[in-house]
Amino acid sequence: MNIIIRPLTLADYNDLKTSMVEAYHGNAGGIWPRSSIKNLLEIFPEGQLCVEVDGHVVACALSIMVDGKKTDRTHSYEEITGKYTFKTHDPEGDVLYGIELFVHPDYRDLRLGRRLYDARKELCEQLNLKSIIAGGRIPKYHEHADTLTPKQYIEKVKQKEIYDSTLTFQLANDFHVKKILKNYLPEDKESLEYATLLEWNNIYYEPKTSSISPTKQTIRLGLIQWQMRLFNNTDAFYDQVEFFVDAVSGYGADFALFPEFFNTPLMEPYNHLPERDAMRMLAKHTEEIKEKIQQLAVSYNVNIIAGSMPYLDTDEKLYNTTYLCHRNGKVDAYSKVHITPNELKYYGMYGGDKVQVFDTDCGKIGILICYDVEFPELSRILADQGMKILFVPFLTDTQNAYTRVRSCAQARAIENECYVAIAGSVGNLPKVNNMDIQYAQSAVFTPSDFAFPTNGVKAEATTNTEMVLLTDVDLYALKELHEYGTVKTMKDRRTDLYSVKLIK
């Protein structure tokens with residue numbers, strides 16, 4: 001047996017007519033005249049698909065394109081097809097409207113209908129259309145109309161309490177019921193003239209935009225596993241920062257991620273002071289360092305998450321703050337929300353009070369600093385705001401501390417259907433109090449499903465070695481996971497029982 005899915009041609013009409021006669025014997029519908037098929041092939045040839053089995057056409061799917069806004073209104077089959085003239089076809093439309101799909105009854109065990117649905121979905125993606133819409137019969141409704149409304153009937157089909165050959169099949173193919181249509185097909189007595197308006201959403205749809213920098217879908221991350229070392233002056237520090245920015249930029253990275261408190265070697269001149277005072281002296285360098293990294297982001301065309309640095313506000317409160325230096329020159333800031341007992345005890349730091357995603361030329365990202373990632377509420381709020389990549393600069397002294405950050409970061413990737421990138425410092429810093437030892441293994445974590453590595457680790461650095469980690473992440477894979485994953489963590493939440501929300 002040889003099965004081929006291909007575009008329909010007018011030469012197929014005789015086979016098509018034979019299959020239609022068998023498919024619609026005793027059911028709603030009729031035989032499409034040759035003139036109608038010819039018309040469809042002239043105005044929208046790529047939308048007409050068929051299945052050929054051993055040289056004969058035995059199944060077919062016919063479509064037109066329409067403006068999606070028109071499908072939001074109640075319409076009949078006659079209206080959506082322009083009284084079968086197909087004048088409603090809109091070459092600039094954003095929706096593929098399915099006007100016909102049938103399979104010769106002798107071939108229904110081959111699941112050819114599913115193949116046609118898959119071919120339609122591929123066409124929808126190729127044409128960058130928002131969705132597929134179709135009016136669907138509910139042929140078993142007449143058997144339950146005395147006790148169930150159309151809405152109740154549809155719910156029972158969804159719950160698999162009732163099997164409806166048409167609706168059950170469409171739901172199994174990832175369509176959902178958008179609304180109920182009345183008087184859709186007047187000759188459809190089995191459905192009592194009711195129909196479901198079904199929709200399949202194209203998760204790869206990209207709205208037309210005039211932007212010169214549309215969101216990319218494959219993003220290259222550059223993680224800097226930074227060696228703590230003493231510098232003779234700030235210029236030597238800047239040289240080291242620029243070296244790494246240059247390196248990741250040379251490989252075409254979209255983001256460069258530095259670790260938490262990566263600038264603490266500059267505290268060495270203040271080591272004679274109490275830790276609190278030394279950190280405040282370091283904070284005086286923050287504005288200059290931020291401006292220097294901002295220049296590097298523009299010069300090397302890479303978005304830089306500048307690790308984190310101490311920041312003094314106008315009230316002399318000390319925060320642990322990171323800066324997102326966009327490659328277009330813009331700068332965003334985020335202050336660590338959850339201050340560790342160590343930061344409070346030695347430095348008197350305050351926690352930030354702002355949780356938000358950041359819009360970049362690569363989509364929406366989130367930033368949490370070290371200890372923050374151990375609080376799942378924060379990343380869940382960011383995920384609800386559209387975050388696809390979470391960046392976590394961290395600093396840990398022991399393997400125990402690192403394990404907390406790593407394990408929680410990996411959990412955040414799974415539960416929020418996102419990528420999580422963590423970058424830390426390695427080595428020793430003997431002349432800076434409270435910063436003497438470091439432990440790190442920078443990594444990029446993924447959700448855990450078939451499109452991703454089996455262990456949920458996209459890439460990881462060598463433990464306690466200064467290096468750059470470069471890896472690509474695919475945002476399309478996240479869309480696929482969200483809609484068709486083995487489990488759907490974000491969709492399956494019981495929001496009727498609980499919620500996580502931002503108070504301020």
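Reader: Where does Lys488 lie relative to helix H13?
Author: In this predicted model, helix H13 covers residues 475–484. Lys488 touches Glu417, His482 and Glu483, when residues up to four places away in sequence are not counted.

Reader: Is Lys488 buried, partly exposed or exposed?
Author: Buried means under 20% relative accessible area and exposed means over 50%, with partly exposed in between. Lys488 has a relative accessibility of 25%, and therefore Lys488 counts as partly exposed.

Reader: How far apart in space are Lys488 and Leu171?
Author: In sequence, Lys488 and Leu171 are separated by 317 residues. In space, taken from C-alpha to C-alpha, the distance between Lys488 and Leu171 is 17 Å.

Reader: Which elements do the buried residues of H11 pack against?
Author: Helix H11 runs over residues 376–384, and its buried residues include Leu378, Ile381 and Leu382, along with Ser379, Arg380 and Ala383. After the helix comes Gly386, which has a positive phi near 105 degrees. The partners of the buried residues of H11 are strand E13 (331–335), strand E16 (363–367), strand E17 (389–393) and H12.

Reader: Which residues are the closest to the centre of the largest pocket?
Author: The largest pocket holds about 1300 Å³ of space. It is lined by 44 residues, and the closest to its centre are Tyr24, Leu101, Phe102, Arg137 and Thr166.

Reader: Which elements give two or more residues to the lining of the largest pocket, and how does that lining divide by class?
Author: Strand E4 (95–103), helix H4 (112–126), strand E5 (131–136) and helix H6 (165–172) are the elements that give two or more residues to this lining. By class, the lining of the largest pocket has 22 nonpolar, 12 polar and 10 charged residues.

Reader: Which element supplies the largest share of the lining of the second largest pocket?
Author: The second largest pocket contains about 460 Å³ of space. Among its 21 lining residues, Thr340, Asn342, Leu395, Thr396 and Asp397 are the closest to its centre. At least two lining residues come from each of helix H10 (341–347) and helix H12 (399–416), and the largest share, four residues, comes from H10.

Reader: How many residues of each class line the largest cavity?
Author: Across the whole structure, a search finds one cavity of 30 Å³ or more, and the volume of the largest cavity is about 40 Å³. Its lining is made up of Met267, Asn271, Leu273, Pro274, Glu275, Ala278, Val432 and Asn433. By class, these residues divide into five nonpolar, two polar and one charged.

Reader: What radius of gyration does the chain have, beside that of a compact globule of 504 residues?
Author: Along its principal axes, the C-alpha trace of the chain spans about 95 × 50 × 40 Å. For a compact globule of 504 residues the radius of gyration would be near 23 Å, whereas the chain has 30 Å.

Reader: Among contacts between residues at least 6 apart in sequence, what percentage joins residues at least 24 apart?
Author: The chain has 13 helices and 23 strands, and buried residues make up 50% of its 504 residues. The accessible surface comes to about 23400 Å², with 49% belonging to carbon and sulfur atoms. Among contacts in the chain between residues at least 6 apart in sequence, the share that joins residues at least 24 apart is 71%.

Terms used: Residues numbered from 1 in each chain as written. Predicted model: local features only at pLDDT ≥ 70, side-chain atom pairs only at ≥ 80, totals over all residues. Heavy atoms only, no water. 1 Å grid on protein atoms, 1.4 Å probe; cavity = no way out; pocket = protein on both sides within 12 Å on 5 of 7 lines; lining within 4 Å. Points joined across faces, edges and corners; volume = space filled by probe spheres on them. Nonpolar A, V, L, I, M, F, W, Y, C, P; charged D, E, K, R; others polar. Rg over C-alpha atoms; globule rule 2.2 N^0.38 Å. Buried < 20%, exposed > 50% of the residue type's maximum accessible area, 1.4 Å probe, protein only. Contact = heavy atoms within 4.5 Å. Areas by Shrake-Rupley, 256 points an atom, 1.4 Å probe, with all protein chains shown as cover.
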